[in-house]
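Subject: Structure handover

Hello,

Here is the structure for your files. My notes follow below it.

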Amino acid sequence: MSRSAGGNQFDGLPPLREVANAHGLLAKKSLGQNFLFDLNLTRRIARAAAPLTDALIVEIGPGPGGLTRALLAEGAQKIIAVERDARCLPALAEIADHYPGRLEVIEGDALDVDLGRLVGEARPARVCANLPYNIATALLVRWLETEPWPPWFDRLILMFQREVAERIIASPAERAAYGRLAVLCNWRCTTRLLFDVAPSAFTPPPKVTSAVVELVPRVSPMTCQARLLSEVTQAAFGQRRKMLRQSLKTIKDCDAGTLLARAEIDPALRAEAIGIEGFAALSRALEDMRADQEPAMP
Ligand code: SAM
């Protein structure tokens, strides 16, 4: 393969488009494949995860390796990458050969891999990924529900569709975007939108703009159980136009009025008027009510 065109000068590997062609890597929609072939852009994303030398980097969906190469060129000492598409493995093996001992590729579904276990004691670990859009939110929610907290990662640098990025960083003031995802994300992390990426940067171009988001775990998030916060927000935002005294009726074995009174929240409010503190209070109240319902020990 030629080593002349396409911004390949920084690592001596062939241009990504050539790599993809050589390995027959036509993007598959079913795997959420929108590849980045511009190494200047992938280096920008990699730099958002800096400093790279102090952390183990976890990448989900390296594909032909555009972001992987950028992370390595920017100094990542070690990357663990999880890729589901076996067609990408030969291209990734070439990168691993070029950077001996610095890239470990695991073939598998990221939803099935216990990343915390994989990372083990090698802390801190940092996730940097252009996520497959079809499982992006599911992966994020899973990472946010990690126990114990603080988690195995010290930062998440992730590419999402712009609309999802807006839902991640939203505050109650941004009514349309504020919902369950914003509550879960901002309960346990500080969140920040770093920059937009135009559809034209991808092959094939998606219909919508994307954005890179940073999530940094809070050391001491408000006390409440992730599972119960999830349950309460699901009920509240599941019927977001209704008052809480109505929407919270869908919570199992729980009187909505009592729950709201215990959490000291006005039952006439709607979900979008409640901040994270309020949802944490509702989750703690639900925990208390469930504990009260448990049969006493003989
Ligand atoms: N990182 C590459 C880039 O930026 O060009 C590819 C990003 S592409 C948006 C998403 C990648 O995730 C693809 O390589 C796809 O095969 C992979 N993928 C899709 N579903 C996956 C899953 N469940 N587990 C791991 N990887 C997955």
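Two strands are said to pair if DSSP finds at least two bridges between them. Helices (H or I, at least four residues) and strands (E, at least two) are DSSP runs, numbered from the N terminus. This is a predicted model, so local features need pLDDT of at least 70 and side-chain atom pairs count only at pLDDT 80 or more, while totals for chains, interfaces and linings use all residues. Residues are numbered from 1 along each chain as its sequence is written, and side-chain values use heavy atoms, with hydrogens and water left out.

Strand β5

β5 (residues 125-130) pairs in the parallel sense with β2 (residues 56-60) over three bridges, and V58 stands opposite V127. With β6 (residues 153-161), β5 pairs in the parallel sense over six bridges; here A125 stands opposite F153. Between β5 and β6 the chain passes through helix α6 (residues 136-144), and this β-α-β crossover is right-handed (with the strands pointing away from the viewer, the path from the first strand over the helix to the second runs clockwise).

Six of the six residues of β5 are buried (under 20% relative accessible area, 1.4 Å probe, protein chains only; exposed is over 50%, partly exposed in between). One side carries A125, V127 and A129, the other R126, C128 and N130, and both faces are covered.

Residue V219

V219 lies in the loop between β9 (210-217) and α9 (226-238). V219 is exposed, at a relative accessible area of 67%. Leaving aside residues up to four places away in sequence, V219 touches W149 and P150 (contact means heavy atoms within 4.5 Å). V219 and W149 are 70 residues apart along the chain, with their C-alpha atoms separated by 7.8 Å.

Regards
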